[in-house]
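Welcome! Please take a moment to look over the sequence and the structure before reading on.

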Amino acid sequence: MKLLVTGGAGFIGSNFIHYILEKYSDYRVVNLDLLTYCGNLENLKDVENDPRYKFVKGDICDVDLVNNLVKNCDAVIHFAAESHVDRSILDPGPFVRTNVLGTLALLNAARNNNNKRFHHVSTDEVFGSLGPTGYFNENTPYDPGSPYSASKAASDHFVRAYFHTYKLPITITNCSNNYGEYEFPEKLIPLFVTNLLEGKNVPLYGDGLNVRDWLYVIDHCEAIDVVLHKGKIGETYCVGGNEEKTNLEITYKILEILGFGKDKIEFVADRKGHDRRYAIDATKIKKELGWGPKYKFDSALKQTVAWYKTHEAWWQRIKSGEYLKYYEAQYGKK
Ligand code: NAD
Ligand code: TYD
């Protein structure tokens, strides 16, 4: 099978490419990635000479390029996106361009090339925010709250519409927050770990009591693999770790692993429109496809922190470059 993976130089995409090449010796992967600020070919250094892997630098909005690549693959696994909520609050434009128009370009290419199999990687954030109880599932109405989640919701709707209208063989996964190796250090866990390793404080938004449902990235890769091969065409699957934690709990755990005290916590102004709680009911994918998370939060978090400790050069290069310039221009020094 020949897979076209978009956004394969990012956090989840690069973990997915490693996962696929390790699991399926006869699969080939073409990775289409624009290498925006968070796309990083270092994530794929160990596979770059693998004859089953090919990298193409390009934009998912480039209709001709996308058409040629889709023509020569059996299935598209679509990760490429602008993915950070804080950036979407500062400037929603790139989120509409890549997440909506880029997805549309890929859908058209799939449609124009004999209705290629299309898997869309999406987020639980499209459902909005939960109160203290209840869970998101496949029947939860869409209610996105941030420009990021609004753009992902729009892309999900287009993917569903292409199934409904053109019978494009699609599936969608709406997954909760991931953590693990190769995550760009602007998201909560890698930002806090690397800040502490640099001797800095960690900026906790608001009261620190917002809740996310955390899933180790390899569990997410496995869920996508299962849906790609066994999922019912036209269906959506919610994917989550059943590991609800407040941001404060996560921060305490990271402080403990690294041996720092609570004095490192700096409560800062809350994110605008900050969604309070996300939590997934993953019964459908468990019952119908037999998927469940294999990794436990505490041990996988320790493993993740250890990875950042031993890969300091990886994140130092990022933090000393575009990442810092960007944040300092917007927020001043963190
Ligand atoms: P990421 O920001 O780490 O990576 C995104 C990748 O897309 C980068 O390599 C970037 O260079 C590439 N890209 C961006 N714009 C592009 C364009 N126009 N053309 C080609 N490539 C482009 O993101 P991630 O955290 O790995 O997320 C991947 C996908 O998973 C996204 O669609 C995101 O919405 C979804 N998702 C993420 C999470 C999470 O916790 N990170 C949870 C659920 C779903
Ligand atoms: P993030 O990793 O940006 O993921 P998302 O917003 O997509 O869930 O944020 C996770 C949680 O951590 C969210 O509630 C916001 C909070 N947060 C902070 O408190 N401080 C930070 O510096 C960041 C980046 C996030």
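## Before we start

Please keep in mind that this is a predicted model. The values below are computed from it.

## Charged pairs

Side chains of opposite charge can pair when their charged atoms come close. How many salt bridges does a search of the whole structure find? The search turns up 15 of them.

Let us begin with Glu186 and Arg87, whose side chains form a salt bridge at 2.7 Å, N to O. Glu186 sits in the loop between strand E7 (177–179) and helix H6 (188–197), while Arg87 belongs to helix H3 (residues 85–90), so this pair ties together parts that lie 99 residues apart in sequence. Are these two residues buried or exposed? Both Glu186 and Arg87 are buried.

A further salt bridge joins the side chains of Glu222 and Lys294, again with an N to O distance given, here 2.7 Å. This pair, too, links distant parts of the chain: Glu222 is in helix H7 (residues 217–230), and Lys294 is in the loop between helix H9 (283–289) and helix H10 (297–310), 72 residues away. Its two partners sit in contrasting surroundings. Glu222 has a relative accessible area of 17%, which is under 20% and therefore makes it buried. Lys294 has a relative accessible area of 62%, which is over 50%, so it counts as exposed.

The side chains of Glu243 and Lys245 meet in a salt bridge of 3.1 Å, N to O, and both Glu243 and Lys245 are buried. Elsewhere, salt bridges link Glu198, Lys200 and Lys319 into a network.

## A cavity inside

Rolling a probe the size of a water molecule over the atoms shows where empty space is left. Here the count comes to one cavity of 30 Å³ or more. The largest cavity has a volume of about 70 Å³.

Which residues line the largest cavity? They are Val85, Ile89, Glu125, Gly145, Ser146, Arg212, Arg271, Lys272, Gly273, His274, Asp275 and Tyr278. Sorted by class, this lining has three nonpolar, four polar and five charged residues.

## The two ligands

Around ligand 1 there are 29 residues, of which Ile12, Asp33, Ser83, Tyr148 and Lys152 come nearest. Some of its contacts involve the protein backbone: a backbone N or O atom of Phe11 is 3.0 Å from an oxygen atom of ligand 1, and a backbone N or O atom of Ile60 is 3.0 Å from a nitrogen atom of ligand 1. From the side chain of Thr98, an N or O atom lies 3.1 Å from a nitrogen atom of ligand 1.

Ligand 2 has 20 residues around it, and the nearest are Glu125, Pro203, Arg212, Arg271 and His274. Among these, Arg271 has a side-chain N or O atom 2.5 Å from an oxygen atom of ligand 2. Asn247 places a polar side-chain atom 2.9 Å from an oxygen atom of ligand 2, and a polar backbone atom of Leu188 is 2.9 Å from an oxygen atom of this ligand.

## A residue in helix H6

Our last stop is Asn195, which is found in helix H6. With a relative accessible area of 2%, Asn195 is buried. The C-alpha atoms of Asn195 and Pro293 are separated by 29 Å, and the two residues are 98 residues apart along the chain.

Conventions: Residues are numbered from 1 along each chain as its sequence is written. Chains are lettered from A and ligands numbered from 1 in the order in which they are written. This is a predicted model: local features need pLDDT of at least 70, side-chain atom pairs count only at pLDDT 80 or more; totals for chains, interfaces and linings use all residues. Side-chain values use heavy atoms; hydrogens and water are left out. A salt bridge is a side-chain nitrogen of Lys or Arg within 4 Å of a carboxyl oxygen of Asp or Glu. Helices (H or I, at least four residues) and strands (E, at least two) are DSSP runs, numbered from the N terminus. Buried means under 20% relative accessible area, exposed over 50%, partly exposed in between (1.4 Å probe, protein chains only). On a 1 Å grid over the protein atoms alone, a cavity is a set of points where a 1.4 Å probe fits but cannot get out, and a pocket is an open set with protein on both sides within 12 Å along at least five of seven lines; lining residues have an atom within 4 Å of a point. Grid points are joined across faces, edges and corners, and a volume is the space filled by probe spheres set on the points. Ala, Val, Leu, Ile, Met, Phe, Trp, Tyr, Cys and Pro count as nonpolar, Asp, Glu, Lys and Arg as charged, and the others, Gly among them, as polar. A residue is near a molecule or strand if one of its heavy atoms lies within 4 Å of it. A polar contact is a pair of N or O atoms within 3.5 Å; within protein, one must be able to donate a hydrogen and the other to accept it, and residues adjacent in sequence count only if both atoms are side-chain atoms.
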